[in-house]
Amino acid sequence: MRGLKDKVALVTGGASGIGAATARRLHEEGALVAISDINIRGAQQIAEEIGDRATAFAYDAMDEQSIVDMVGSTTAHFGRLDILHNNAGALGSDDTTVADTPLEAWDHAMKLNVRAYFVCSKVAIPFMISAGGGVIVNTASSSALGGQLAQTAYGTSKAGIVALTQYIATQYGRQNIRVNSISPGIILTPALLDVAPNLVEVMGPSLLTSYLGTPEDIASTVAFLASDDARYITGQNLCVDGGLFAHAPYVSF
Ligand SMILES: NC(=O)c1ccc[n+]([C@@H]2O[C@H](COP(=O)([O-])OP(=O)(O)OC[C@H]3O[C@@H](n4cnc5c(N)ncnc54)[C@H](O)[C@@H]3O)[C@@H](O)[C@H]2O)c1
């Protein structure tokens, strides 16, 4: 992909799953990569595997100062910041129906999944502008696009990310900042298989592909959106979901 060589990329939640695959892919495309995560050991392992063009930083997405420090460490280490992949996030264990979800679970989801992306972008954008521009790719979710029987706060927070993407794209496009979100459908990550080991049987019939997605499917989309090949794409939410949201609900295979 064009335009990624020697760019500086920050991948949040890069210790595992989608973030780890994205860090590896951006490195393969020639970028320098900062991998940040609350799981610093996991982030360091991915950085060590990549080699001297990667580094790891600990941070907690629930803590504003920690996010500010983490972005500052990245720019101090590499001298600039060209690509931000806002990606850290998680489902909530108490996040159920509207009537049953405790306010704490709602607040936790908003803080982790959407406020942290807002803070990270807020800190990163001035660095990008001062360097002439940059790209942000936000991990949203197909949970943002349709109701589910549980995970009310998670889905709503992910819808907030889709909106935040459009706001940043609108406000900073003329300063050469492009922003898009990706809505992964079901992606086979260890964390997801842990909570739902029967995913392939349950979700398979709703997909248009004959297979479920992997972290690498999202990583390649992040790399594309971050590259100059996507220079005319901004403010969009791209579903990477094996066609999950492309068909009428009564179609199953
Ligand atoms: N796996 C899927 O099917 C799927 C589908 C749609 C969206 N997503 C989204 O993709 C993103 C990545 O998820 P994944 O599936 O790779 O899961 P994952 O659990 O493998 O990765 C998430 C990473 O975020 C980190 N993280 C969690 N809380 C943090 C905090 N407070 N501070 C810093 N880091 C923190 C974790 O340590 C972990 O390394 C998330 O935003 C998730 O909501 C995943």
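**Sheet, helices and ligand shell in a predicted model**

Good morning. Let me begin at one side of the sheet: strand β6, residues 177-184, runs parallel to β7, and four bridges join the two. Within β7, Val240 is the residue that stands opposite Pro184.

What is the order of its seven strands? The sheet is open, its pairing is parallel, and the order reads β3-β2-β1-β4-β5-β6-β7. Its edge strands are β3, residues 54-58, and β7, residues 237-240, each of which pairs on one side only. On average, and with direction ignored, neighbouring strands are turned by 20° against each other.

Two helices that pack on this sheet deserve attention. Helix α1 touches β1 (8-12), β2 (32-37), β3, β4 (83-86), β5 (134-139) and β6, and its direction makes about 170° with that of β1. Helix α8, residues 215-226, touches β1, β4, β5, β6 and β7; the angle between its direction and that of β6 is about 165°.

These two helices also meet each other. The axes of α1 and α8 come within 8 Å and cross at roughly 50°. Because of that angle, α1 counts as oblique to α8. The crossing is right-handed. On the α1 side the contact is made by Gly17, Ile18, Ala20, Ala21, Thr22, Arg24, Arg25 and Leu26, and on the α8 side by Pro215, Glu216, Ile218, Ala219, Ser220, Val222 and Ala223. By class, this contact of α1 with α8 has nine nonpolar, three polar and three charged residues.

I move now to another helix pair, α4 and α5. Helix α4 spans residues 103-130 and helix α5 residues 152-172; they pack at about 20°, with their axes 8 Å apart. That angle is why α4 is described as roughly parallel to α5. Their crossing is right-handed. From α4 the contact draws on residues including Trp106, Met110, Tyr117, Phe118 and Ile125, while α5 contributes, among them, Tyr154, Lys158, Ile161, Leu164 and Tyr172. The residues of this contact of α4 with α5 divide into 14 nonpolar, four polar and one charged.

Helix α4 has a further partner in α3, residues 64-78. Here the angle is about 35° and the axes lie 9 Å apart. The crossing of α3 and α4 is again described as right-handed. Glu64, Ile67, Val68, Val71 and Thr75 of α3 meet Ala116, Val119, Cys120, Val123, Ala124 and Phe127 of α4. The contact of α3 with α4 comprises nine nonpolar residues, one polar and one charged.

Finally, the ligand. Which residues come nearest to it? Of the 27 residues around the ligand, they are Gly13, Gly17, Ile18, Ala61 and Gly89. Which helix gives the most to the shell? Helix α1 does, with three residues. Both α1, residues 17-28, and α6, residues 190-195, supply at least two residues of the shell.

Helix α4, for its part, packs with α5 at about 20° and with α3 at about 35°. Thank you for your attention.

Methods
Residues are numbered from 1 along each chain as its sequence is written. This is a predicted model: local features need pLDDT of at least 70, side-chain atom pairs count only at pLDDT 80 or more; totals for chains, interfaces and linings use all residues. A residue is near a molecule or strand if its C-beta atom, placed from the backbone, lies within 6 Å of it. Axes are lines fitted to C-alpha atoms, for helices over the stretch in contact, and angles run from 0 to 180 degrees between N-to-C directions. Angles under 35 degrees count as roughly parallel, over 145 as roughly antiparallel, 65 to 115 as roughly perpendicular and the rest as oblique. A crossing is left-handed if the near helix is turned anticlockwise from the far one by less than a right angle, and right-handed if clockwise. Two residues are in contact if their C-beta atoms, placed from the backbone, lie within 7 Å. Ala, Val, Leu, Ile, Met, Phe, Trp, Tyr, Cys and Pro count as nonpolar, Asp, Glu, Lys and Arg as charged, and the others, Gly among them, as polar. Two strands pair if DSSP finds at least two bridges between them.
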